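This briefing covers helix packing and the ligand site of one protein model. The sequence and structure come first, followed by notes grouped by topic.

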Amino acid sequence: MSVDEPRSAAMEMAVEQFDAAATKLGIDPNVAARLRRPDRALIVSVPTRMDDGHVRVFTGYRVQHNDVLGPFKGGVRYHPAVTLGEVSALAMWMTWKCSLVGLPLGGAKGGITCDPSTLSRNELQSMTRRFTAEIINFIGPEVDVPAPDMGTNEQVMAWIMDTYSQHKGHAVPEIVTGKPVAIGGTLGRREATGRGVVYMTIEAAKHLQIDLTQCTAVVQGFGNVGSVAAKELAKIGIKIIGISDRTGAFVNPRGLPIDKLLEVADKNHSLEGCPYGDRISNQELLELKCDVLVPAALEMQINEVNAPRLQCRILAEGANGPTTPQADAILRGKGVFLIPDILANAGGVVVSYFEWVQDLQNFFWTEDEVNSKLRDVLVKAFHQVLEMSQKQSVDMRQAALMIGIDRVTRAMLWRGLYA
Ligand code: NAD
């Protein structure tokens, strides 16, 4: 398979978004031709011994989109819908995200097609270690640094770090970010993406002159991003009226008890059996009347079918690619204020970058330092995007992509084409 073939709905969408922003910027067509596809893509077989003794072969991917600004950086996703096309789209979005927030990093992504909720701890560990061994020549602290994404967490990062370190013969904490603090992780990384979503929502509300303490919010997905976003939104006085995960959605117009939902999720690894609120469908959840809607699960949840029925004022994209280009146009027409994924969820990669820097220096920061530096980076990026959107009369997504793509393009032109 060649690297110009990773087709999927998500990749089509990423390329469509890129083309629109690149056309508006008028970028060099030779550079555009290169940026529409990944730099490199690796597909690996991951044989894993299951608890019953048989060997199951999973398919794993690592896609590196562009490293003109610095080493590749991107999460590892464990989900049944993972494909080469999806991982390629996510890698491309990482390039624009790192560039937008000014990080000296490029874009990558990885994943394994699997349902981690059906695997035992042993199976998950064996699969993760073999995957790491299969991609070991492809990653490295100065080359490509993985991180958590959907279906993976700090434990998975610890296994990747350990496997890589065993092969090198010494501890290499800087090979991954999002690992436990005990082995070189940073304070504040686990909460960073959700926290960033909230920092961006606060900036949007200031701009729109909305008092958030009088507002309601709905959050789709209750994993790393969704649960922290919900908790932090509730902390600043927003009433969370709807929450969902892969097992179902729950609504209460008087507000859901987030701390209690966190206890349920902690115990059951999902919201299954949640006794709080009324059960509704995930589709109904997205269409609830609210001030702030945070999709924090999968791609393409908001499309041309449900976009006309959305009733939020601010759409803060915790997930990557939750809104299709068709839905973007509809939401623009309805006056919904969009905080695009590459800005709204950039907190994760910003604090991942902080973690990598701390590991390389063997010098660790306090959580307050991490959070205040994170806020500075994101708030600056928010205002750059807002200014670009006003100057160029484009929506916030296009403005964010234009800034991200422009920086990458300029770097590519400076570095030139290696013959
Ligand atoms: P996670 O695995 O921790 O949680 C995902 C959540 O989504 C779970 O609660 C799951 O039950 C729920 N979910 C799955 N399918 C669903 C469906 N059809 N309807 C409703 N809920 C569903 O993953 P995460 O790390 O929170 O990632 C969520 C999104 O945020 C992804 O798009 C990811 O790429 C993006 N993101 C994550 C990070 C990070 O630091 N983890 C950073 C940037 C972006």
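**Helix packing and ligand site**

Helices H1 and H14 are roughly perpendicular to each other, because an angle from 65 to 115 degrees counts as such. Their axes are 9 Å apart and the packing angle is about 75°. The model is a predicted one.

**H1 against H14**

- Helix H14 spans residues 396–415.
- On the H1 side, the contact is made by Gln17, Phe18, Ala20, Ala21, Lys24 and Leu25.
- H14 contributes Arg397, Gln398, Leu401, Met402, Ile405 and Asp406 to this contact.
- Sorted by class, the contact of H1 with H14 holds 7 nonpolar, 2 polar and 3 charged residues.

**H1 against H3**

- The axes of H1 (residues 9–25) and H3 (residues 84–100) come within 7 Å of each other and cross at roughly 30°.
- H1 is therefore roughly parallel to H3, since angles under 35 degrees are counted that way.
- From H1, the residues Ala10, Met11, Met13, Ala14, Val15, Gln17 and Phe18 take part in the contact.
- Their partners in H3 are Gly85, Glu86, Ser88, Ala89, Met92, Trp93 and Trp96.
- The residues of this contact divide into 10 nonpolar, 3 polar and 1 charged.

**Ligand shell**

- The ligand is surrounded by 24 residues, and the closest are Asp149, Gly151, Thr193, Arg246 and Asn320.
- By class, the shell has 8 nonpolar, 11 polar and 5 charged residues.

**Polar contacts and burial of the ligand**

- Asn320 places a polar side-chain atom 2.8 Å from an oxygen atom of the ligand.
- Asn282 has a polar side-chain atom 3.1 Å from a nitrogen atom of the ligand.
- At Gly318, a polar backbone atom is 3.4 Å from an oxygen atom of the ligand.
- The ligand taken alone exposes 820 Å², and the protein buries 87% of that.
- Helix H6 (189–208), helix H7 (224–235) and strand S7 (239–245) are the elements that give two or more residues to the shell.

Key. Residues numbered from 1 in each chain as written. Predicted model: local features only at pLDDT ≥ 70, side-chain atom pairs only at ≥ 80, totals over all residues. Heavy atoms only, no water. Axes fitted to C-alpha atoms, helices over the stretch in contact; angles between N-to-C directions. Helix = DSSP H or I, 4+ residues; strand = E, 2+ residues; numbered from the N terminus. Parallel < 35°, antiparallel > 145°, perpendicular 65-115°, else oblique. Contact = heavy atoms within 4.5 Å. Nonpolar A, V, L, I, M, F, W, Y, C, P; charged D, E, K, R; others polar. Near = heavy atom within 4 Å. Polar contact = N/O pair within 3.5 Å; in protein donor to acceptor, adjacent residues only side chain to side chain. Areas by Shrake-Rupley, 256 points an atom, 1.4 Å probe, with all protein chains shown as cover.
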